[in-house]
Every structure is written in structure tokens, then in C-alpha cells.
Amino acid sequence: MDRKSGVLMHISSLFGDYSIGGFGNEVKYFIDFLADCGYSYWQVLPFCPSDECNSPYKSPSAFAGNPYFISLPTLYQKGLLTESELSCQKQSTPYVCEYERLYTERLDVLKLASSRVTNQMEIETFVSQNPYIENFCRFMAIKKANSDKPWLEWESEDYHEDDFFMWKFIQYEFFNEWTEIKKYANNKGIQIIGDMPIYVDLDSSDVWANKHLFKLDEKNLPVSVAGVPPDYFSADGQLWGNPIYDWKAMENENFRWWKDRISLMSKMFDGIRIDHFRAIDSFWEIPFQAKTAKEGTMSKGPGLKLIDAIKESCGNTLIIAEDLGFITEDVIRL
């Protein structure tokens, strides 16, 4: 077997001029650097949108892309932003991500760009061919119409078409920009390893559109949530708060949701790291009202049935299992 090496560097950590690392020239410079150093792999963190703590491991979508990674200079080159609009987005602090500014300004800029596109039918076709992404775009438009409240607090599922289209444009642009970057990397001999969070957020398009696939009560609140038990690092364990999958319901649908997720990521990356892999064997399940993770118990995961579904969907894509936590012989066998 050939010995190879690589570097972990998330997109947000790349240098750039617009508040966060993105899909601009900074990506190609980094790929050139990797190739010049003789590396074979570039590993990234999850590409899905991040939560209020700027983490992509509790995302509003397992399928959508982070809007902050879209290259503003690329939109300028396409005639979707003016020079002054681009200039106004220049960062103030070059060494940290300006998340507060991104929250308040970036979507307005992307909405402005979306209002100027001339390939609307192309964008509509892309989204219609990707139903999970279409669900996410509709979810975000409805969320905006409900003052950005969680979907459990929505008063209506009406939305404005221009907000819906903005999110369609964002996803179309995200995936097109990334496709070009991946092609550039592969041509330089660099393979890219993506990262797949094991769970999603309760306030996500995945739960909203697939409630039956999660352990929810009659009010659509989680029966139990995810985390890890107490260990050397934390006496209380970790209370993550993600809703738990209803693995029986997943199996009844032949793990369709998981197969579609793996299939998408196999197109986006040359390898996939499965975060918290050990949960496929067994996972820490914590009552929803619990104050700490100490109140949880270990529950059985889907095991080999899900592994077979992943193998069926990944083609020749490299699959990496995270080796972290309390690893048992059963986990090792998987």
C-alpha cells in the first residue's frame, strides 16, 4: 500500500478578504500549496450550514451548503454585484471570522445577487432535481417569514417567493463553485475528504420534512436527544441536544434518507469521514428534559444494516470511520 499524507483545513479557516474563508482564489492557492508539498489529501469539516454557535455539527440541513462559502468576487465577475457592493463587504478583522457581520449582512448581499441572475430556469432545474435541497430552501424561506423562529413555533407555512428563490440561487451557486474547485484539486493530484456529522439539529429541514424518521412525541418534541456519557474529560458527559433517529422507521424505508445523503457526499468528495461512527453500533440516549448527559443510557444502533446501506450508496468513495470514544469490539468489527 502506498503511504500518503494530507492536511485538515476547513474552508472557513482559509485566508480571504470577506469575513470568512470561501470558494475564491484562496482555495486554489491552498490546493497549489498542497500539491507543491507532495500531499495527497485535503480534509475539510462539514460543508452544511452552521448553527448559532458557528458549528456545522448541528446543522439545519444534512444536504445543503453553507452560504458563507460562496465567493463574492466570483459573483462580481459574473456581474451579479457591483464594485462598490463588493468593496463594502471587505473585512475589518483579517485574522478571525466575522460571524456577527455575516449574520446581519451576507444574506442581504446574496439576495441582491439572486435578483440579477439571468439563468433562472437553470437554477430552478437544479433545485427540482435535488428534493432535499428544495426542502431546505423552502424551510429557510418559511423560517424567514416567521421571524426566524424554530419550525415548532411557526404560525404559518407561507413564504415570499423572492426569499425562496434566494436560497435556490445560493445552493445552485454553492454546488457549482465547489464542483469547479474539486475538479481543480483532482487535476493537481489532490483528493478531498469530506466530513459527515452523525446527527442533525431539531430545527432543521431534515426533521421538519421527515418527522417520522426521528423519535418525536405528539407535540413534535424529541423523546430523547444525543450526547456522550461522562468520561475523563467531563464528569457530566456531553449533552449535544440533537434529536435521535427512529432507526426502525429508517430501516422500514430501507435507509433511503441515509443512502441519499451518502450518495450526495460521494459526488462532492473523494472520501467521507463519518463523525461519531461508534453511534452506528450503540449510542448514548438522553431524556429530552434531562439537565446533564449523566441521565442517559446506551441504546443499540442499526449496526451492519446501515453499514450495508452506506456501502451500497458510496460507490468507490473512501469511507473513514472516526475512531474516538468508548470503542468496543463490536464497533471495531463494523
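The largest pocket here holds about 760 Å³ of space. Keep in mind that this is a predicted model. Lining that pocket are 27 residues, and those closest to its centre are Tyr68, Leu107, Met140, Asp148 and Trp167. H4 gives the most, with 7 residues. By residue class, the lining divides into 10 nonpolar, 4 polar and 13 charged.

Next, the second largest pocket. Its volume is about 580 Å³. Here 28 residues form the lining, and Val228, Gln238, Trp240, His276 and Leu324 lie nearest the centre. The elements that give two or more residues are strands: E4 (224-228), E5 (238-243) and E7 (282-287). This lining divides into 15 nonpolar, 7 polar and 6 charged residues.

Now the aromatic residues. How many aromatic pairs does the structure hold? There are 32 aromatic pairs. I will go through two of them.

Take phenylalanine 15 and tyrosine 29. Why is this pair stacked? The ring centres are 6.2 Å apart and the planes meet at 15°, and planes under 30 degrees apart count as stacked. Phenylalanine 15 sits in the loop between strand E1 (6-8) and helix H1 (25-37), while tyrosine 29 is in helix H1, 14 residues apart. Phenylalanine 15 and tyrosine 29 are both exposed.

The other pair is phenylalanine 63 with tyrosine 132, also stacked, at 4.0 Å centre to centre and 5° between the planes. Phenylalanine 63 is in the loop between strand E2 (41-43) and helix H2 (72-77), and tyrosine 132 is in helix H6, so the pair ties together parts 69 residues apart in sequence. Are these two residues buried or exposed? Phenylalanine 63 has 3% relative accessibility and therefore counts as buried. Tyrosine 132 has a relative accessible area of 14%, so this residue is buried as well; the cut-off for buried is under 20%.

Ring pairs also build a cluster. Its members are Phe23, Phe30, Phe33, Trp42, Phe47, Phe69, Phe126, Tyr172, Phe174, Phe175, Trp178 and Phe269.

Last, charges over rings. Which ring does the charged end of lysine 28 sit over? That ring belongs to tyrosine 184, and the charged end is 5.2 Å from its centre. Arginine 261 lies over the face of tryptophan 258, at 5.2 Å from the ring centre.

Methods:
Residues numbered from 1 in each chain as written. Predicted model: local features only at pLDDT ≥ 70, side-chain atom pairs only at ≥ 80, totals over all residues. Heavy atoms only, no water. 1 Å grid on protein atoms, 1.4 Å probe; cavity = no way out; pocket = protein on both sides within 12 Å on 5 of 7 lines; lining within 4 Å. Points joined across faces, edges and corners; volume = space filled by probe spheres on them. Helix = DSSP H or I, 4+ residues; strand = E, 2+ residues; numbered from the N terminus. Nonpolar A, V, L, I, M, F, W, Y, C, P; charged D, E, K, R; others polar. Phe/Tyr/Trp six-rings, centres within 6.5 Å; stacked < 30°, edge-to-face > 60°. Buried < 20%, exposed > 50% of the residue type's maximum accessible area, 1.4 Å probe, protein only. Lys NZ or Arg CZ within 6 Å of the ring centre and 35° of its normal.
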